[in-house]
Amino acid sequence: MWYNNILETIGNTPLVKLNTITKNVPGTILAKIETTNPGNSIKDRMAVKMIEDAEKSGKLKPGGTIIEGTSGNTGMGLAMAAIIKGYKCIFTTTDKQSKEKVDALRAFGAEVIVCPTNVEPEDPRSYYSVSSRLEREVPNSWKPNQYDNLANSQAHYEQTGPEIWEQTEGKITHLVVGVGTGGTISGTGRYLKEKNPNIQIWGIDTYGSVFKKYKETGIFDKDEIYPYITEGIGEDFLPANVNFDVIDLFEKVTDKDAALMTRDIARKEGIFVGNSAGAAIGGLIQLKDKLKPEDVVVVIFHDHGSRYMGKMYNEDWLRERGFLQDEKLTAKSILAKKEATEIVTLDATKSVLEAINTIKSMNISQIPVTQQGMIVGKIAESDILSALLENPGLKSAPISEIMTATFPFVDLNTSIDKISSLINKENSAVLVEDESGKIEIITQYDIINAISG
């Protein structure tokens with residue numbers, strides 16, 4: 001048996017029991033692995049449904065252009081379907097989205113316009129506004145508008161809900177979903193509640209988003225809105241696809257908890273997923289006291305980890321945000337294990353001969369060069385040798401004439417992996433400013449010493 005095109009492979013994704021990461025959560029916890037869709041995310045389902053509905057209604061005509069504001073996954077589904085069905089795509093996205101997502105859309109031949117994140121939806125620069133303007137200006141174009149297009153929810157009512165009901169043999173008691181456009185939770189939840197009104201539908205929200213407070217109070221609080229890092233969930237407006245009657249409660253998860261949990265799912269369950277899965281599991285763990293041992297919980301794992309390699313799966317990115325306080329060696333811990341020595345520097349006005357004498361007497365091979373107390377370059381034995389071979393008269397010239405670029409600077413939280421990658425043929429060391437503002441040098445020898453110590 002074969003499929004006639006890639007779109008026919010969308011859906012029927014596996015349900016997998018989680019064993020380690022949720023071991024302290026009562027009940028059977030099952031993950032719906034939407035990464036097995038051809039575009040590696042749950043958004044493939046609704047992307048095709050929105051296009052098919054638009055074709056039927058005549059809004060999308062042959063050879064047309066699809067224009068959408070997307071964080072990446074919906075765009076991937078739309079781009080894939082557009083290739084099979086013969087449409088062009090223009091997407092607007094925000095500068096908070098990972099580079100991998102933007103690159104993936106371009107790989108499918110889509111045009112991508114990156115817009116600022118921290119502006120109001122009504123702002124002409126926002127990715128919502130830019131996509132709406134393009135729809136008005138580009139002939140024969142159609143904007144799916146995944147937020148308010150109810151084909152989004154309907155796709156999950158027709159597909160995701162029935163799949164989960166059949167896969168759990170009707171035993172599901174709770175559905176846990178990160179909420180962005182609201183299509184997945186509202187469509188899937190509506191189907192499941194029609195089957196069994198007692199099924200609890202839990203939405204995962206993020207700090208900086210309006211959903212939780214609105215559900216609990218009916219108040220849309222603009223003061224709650226602020227920029228956040230978590231991708232794919234939370235909103236600063238109320239999409240038509242969010243059906244608050246279907247959702248029983250919202251739970252907020254911090255950026256830090258979502259990011260670290262995303263990594264833990266890969267490390268402890270061997271499932272490579274994106275940021276919203278980390279938020280969903282983080283929220284489930286926070287709500288564990290509401291569960292009983294006989295409960296059957298389904299958590300949606302929306303998208304694939306490959307879209308977050310520069311973020312949640314990058315230790316330096318996590319450290320820069322203060323999310324990671326692990327035991328891995330950093331510049332700070334390497335300095336702590338290093339013998340206290342005064343860093344030797346030479347002023348740029350000193351002669352090459354003085355540099356030779358310093359290198360010999362101190363038994364070192366490279367020296368940082370300063371100008372008015374600031375490090376501006378470095379001079380190495382190899383630089384001196386090649387310069388003198390070319391022009392022996394340079395002995396009396398100032399070292400500024402033959403110095404090379406300075407050693408790379410790192411901060412105290414930089415990991416040993418990053419420091420090692422910066423030390424190479426051109427750079428035998430890195431510089432770091434310690435807590436007192438003093439410049440220190442870290443060499444390969446210091447790294448070896450720290451590891452073995």
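## Overall fold

Among contacts (heavy atoms within 4.5 Å) in the protein chain between residues at least 6 apart in sequence, 68% join residues at least 24 apart. The protein chain holds 16 helices and 16 strands. Both are DSSP runs numbered from the N terminus: helices are H or I with at least four residues, strands are E with at least two. Its C-alpha atoms fill a box of roughly 85 × 55 × 55 Å along the principal axes.

This is a predicted model, in which local features need pLDDT of at least 70, side-chain atom pairs count only at pLDDT 80 or more, and totals for chains, interfaces and linings use all residues. Residues are numbered from 1 along each chain as its sequence is written, and side-chain values use heavy atoms, with hydrogens and water left out.

## Surface and charge

Of the 453 residues in the protein chain, 54% are buried. Buried means under 20% relative accessible area, exposed over 50%, and partly exposed in between (1.4 Å probe, protein chains only). The chain exposes about 20700 Å², and carbon and sulfur atoms supply 51% of that area. Areas come from the Shrake-Rupley method with a 1.4 Å probe; for residues, only the protein chains shown count as cover.

There are 50 positive and 62 negative side chains. Lys and Arg count as positive, Asp and Glu as negative; His and the chain ends are not counted. The centres of the two sets lie 3 Å apart, with each charge placed at NZ of Lys, CZ of Arg, CG of Asp or CD of Glu.

## Helix α4

Helix α4 spans residues 127-137. Its buried residues are Tyr127, Tyr128, Ser129, Val130, Ser131 and Leu134. Their cover includes β3 (65-69), β4 (88-94), β5 (111-115) and β6 (141-142).

## Aspartate 446

Aspartate 446 sits in helix α16 (residues 444-452). It counts as buried because its relative accessibility is 9%. A polar atom of its side chain lies 2.9 Å from the backbone nitrogen of threonine 443. Leaving aside neighbours within four places in sequence, aspartate 446 is in contact with Ile334, Lys338 and Ile441.

## Two asparagines with positive phi

Asparagine 40 has a positive phi of about 65 degrees, although it is not a glycine. It lies in the loop between β2 (28-33) and α1 (43-57). With a relative accessible area of 25%, asparagine 40 is partly exposed.

Asparagine 363 is not a glycine either, and has a positive phi of about 55 degrees. Its loop runs between α13 (352-362) and β12 (366-371). Asparagine 363 is exposed, at 70% relative accessible area.

Terms used: A polar contact is a pair of N or O atoms within 3.5 Å; within protein, one must be able to donate a hydrogen and the other to accept it, and residues adjacent in sequence count only if both atoms are side-chain atoms.
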